[in-house]
Amino acid sequence: MSLRSALCAATALSLGTAGAGVAETITIATVNNGDMIRMQGYSDHFTEATGIEVEWVTLEENVLRQRVTTDITTKGGQFDIMTIGMYETPIWGNNGWLVPLDDLSEAYDINDILPAMRNGLSHDGTLYAAPFYGESSMIMYRTDLMEQAGLDMPEAPTWEFIRDAAVAMTDREKEINGICLRGKAGWGEGGAFITTTANSFGARWFDENWTAQFDQPEWKEALSFFVDLMEDAGPPGYSTNGFNENLSLFQQGKCGMWIDATVAASFVTNPEESTVADKVGFALAPNHDGVEKRANWLWAWALGIPAGTNNEAAAKQFIEWATSKEYIELVAANEGWANVPPGARTSLYETPEYQDVPFADMTLKSIEAADPTNPTVDPVPYVGIQFVAIPEFAGIATQVSQEFSAVYAGQQTVDEALEKAQAFTSEEMEAAGY
Amino acid sequence: MARSVTPQRKAINTIAAWAVGLVIFFPILWTILTSFKTEAQAINDPPLFLFFDWTLENYAVVQERSNYMRFLWNSIIIAGGSTVLGIIIAVPAAWSMAFVPSKRTKDILLWMLSTKMLPAVGVLYPIYLIFIRMGLLDSRAGLVIVLMLINLPIIVWMLYTYFKEIPGEILEAARMDGASLKEEILYVLTPMAIPGIASTLLLNIILAWNEAFWTLNLTAAQAAPLTAFIASYSSPEGLFYAKLSAASTMAIAPILILGWFSQKQLVRGLTFGAVK
């Protein structure tokens, strides 16, 4: 035993004998998203009710992923709860790295979790992380510009309509771009968006034998469509635009349409942040004419417990509190219904007050339209819509999205990028033993 | 013979130096300015330079949300501790290399430097496992040791370069006067190399203060320094540039102030030996 652990043990023992009521402390690793920060603010309520102290470690998304992966694989025991997403949860659950959440209390009402979220955060039917908030993607558009263009946005438009509308709304002199989309390299940035676009053109990452599919005509059609659309109606330099850059453009009134995460709806309709807050409409993500799959994804930020933690019971107690109906009511009472964590519970969408929130209905429809177990037109051997839930995917997709971003930046052609993507993916998958 | 400098040439040089200085300083200046804007002003296009409603709101939010003093204290201990420990080890090492070199001294120096060329992530897992076993994860002591080891090659190299400028005859004279090795290093060599040691010290404090790979990967809630404090304000979904700028300004302020007051010492140390 190290000197430090010996000292810790001695201290714990002496404190223990000094009397009962010593506060238990749990450490939570999380990201700096609005809903997560709000949760930190309310964690005092949890401490008051249970006596369990909460320590927060907030990190940038990619650093968090690297940090918790290191800790979980080496059994470092630094964290009692980790904020993870739909990509990691089934893989880590399968590896036995997470504590199964199969004994949550009856009051928690696990059946109230939206089925799409529950499926995406489970492995072999067992839930491994509880969704704190969930999201899909949808179209956010400027109602005034759409009207000026003489068009009427349908609830479920096609890519062809989106292209025509984007071109009609574009006014380069006034710095208005018909459409703003992610082009930034990274599997969770532009990589996620182009994958959903490809799904809606009938493309897929792999066939049933895990053979890469970038040499198929659907990928070429999807990527070419995207590049042409952005050339005609996108903002300059879109190859480096991700969620935050597009949010900034939209809030300043420089985008006619923006297809991105449903959580963005609360930002673009907030008059304190957005110059176009009262002119935003919502529609389902588009599909290519004749293809049944739409370009919407599914994602959840969820709370999981690493196997081997010493504070499992306290960690479960916290997760039950943070993802409960009561927590949603607590936030609604203090900050209004538009600010509650969305996309996790069915009951939220049945609440009359929440139904009045302008983006609630479209968010739910978008989430319900996403099916991670059946994400593409042709069958695939994987789970996940904007990602493939295998450990190798993050590395492969980052490289592939870099090739695509090079197309957006005018550094290579669509054919060259697809050829490189095919070669790289095939090589990596072969090396990984698929 | 000294070159004559005309007033015109002097003016051009001064303007050029200021221009280069401003270009280098601009990102820091922009960060500081952004920290006084609202989130909406921070992303305004065209960017707002000086004429906006200055606000301290971001600092209030950051102060409320994070325990700044704990991060600051950790940074001071980790940067200061690793540098002082590094100097204590490096002074004798550089002395031996400068004044009693062997035929392998140059190789050793190059080998020491080569350890800096290894990507840090390559040794993350071994070091993480060692830290788990020794109970050093999320401890300031662990980070002091790691950062000292990482910066040791630079400290030794810098001190070696300064020591080489000191004539060996002075040390010989001290020895002839009966000085022991300890006295020779402490009372003769060190006072003569003070400018060099001071600039090495300052440069390494800055390096350790800014180190972000190990400090992020080996800490959690207890030992996290200001690098972790900044990282906690970066957001994948949401525009918090003004708050991020306020956090960054608070993180760099101490080192900026230290650099400002010690700039003469730094410049003197860095140019030590260049002009005789």
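View 1. An unreviewed UniProt entry lists "transmembrane region" at residues 12–33, 71–96, 108–131, 143–163, 184–207 and 240–261 of chain B. UniProt positions follow the numbering used here, feature names are shortened, and annotations may be inferred rather than shown by experiment. This is a predicted model: local features need pLDDT of at least 70, side-chain atom pairs count only at pLDDT 80 or more, and totals for chains, interfaces and linings use all residues. Residues are numbered from 1 along each chain as its sequence is written, while chains are lettered from A and ligands numbered from 1 in the order in which they are written.

View 2. Residues 143–163 of chain B are 100% helix and 0% strand, with end C-alpha atoms 28 Å apart (helices, H or I, at least four residues, and strands, E, at least two, are DSSP runs numbered from the N terminus). Residues 240–261 of chain B come out at 95% helix and 0% strand, and their end C-alpha atoms lie 32 Å apart. The unreviewed UniProt entry also gives "domain: ABC transmembrane type-1" for residues 72–262 of chain B. That stretch is 75% helix and 0% strand, and its end C-alpha atoms sit 20 Å apart.

**View 3. Helices α5 and α7 of chain B cross.** The axes of α5 (residues 105–114) and α7 (residues 140–164) of chain B come within 9 Å and cross at roughly 145° (axes are lines fitted to C-alpha atoms, for helices over the stretch in contact, with angles from 0 to 180 degrees between N-to-C directions). On the α5(B) side we find B:L109, B:M112 and B:L113, which meet B:P153, B:V156, B:W157 and B:Y160 of α7(B); contact means that C-beta atoms, placed from the backbone, lie within 7 Å. By class, that makes seven nonpolar, no polar and no charged residues (Ala, Val, Leu, Ile, Met, Phe, Trp, Tyr, Cys and Pro count as nonpolar, Asp, Glu, Lys and Arg as charged, and the others, Gly among them, as polar).

**View 4. Chain A meets chain B.** Here 30 residues of chain A are in contact with 28 residues of chain B. Elements giving two or more residues to the chain A side are α1 (3–18), β1 (25–31), β2 (53–59), α3 (61–73) and α10 (243–251). The residues on that side split into 10 nonpolar, 14 polar and six charged.

**View 5. Chain A as a whole.** Chain A has 18 helices and 10 strands. Its C-alpha atoms fill a box of roughly 75 × 50 × 35 Å, taken along the principal axes.

Notes. Two residues are in contact if their C-beta atoms, placed from the backbone, lie within 7 Å.
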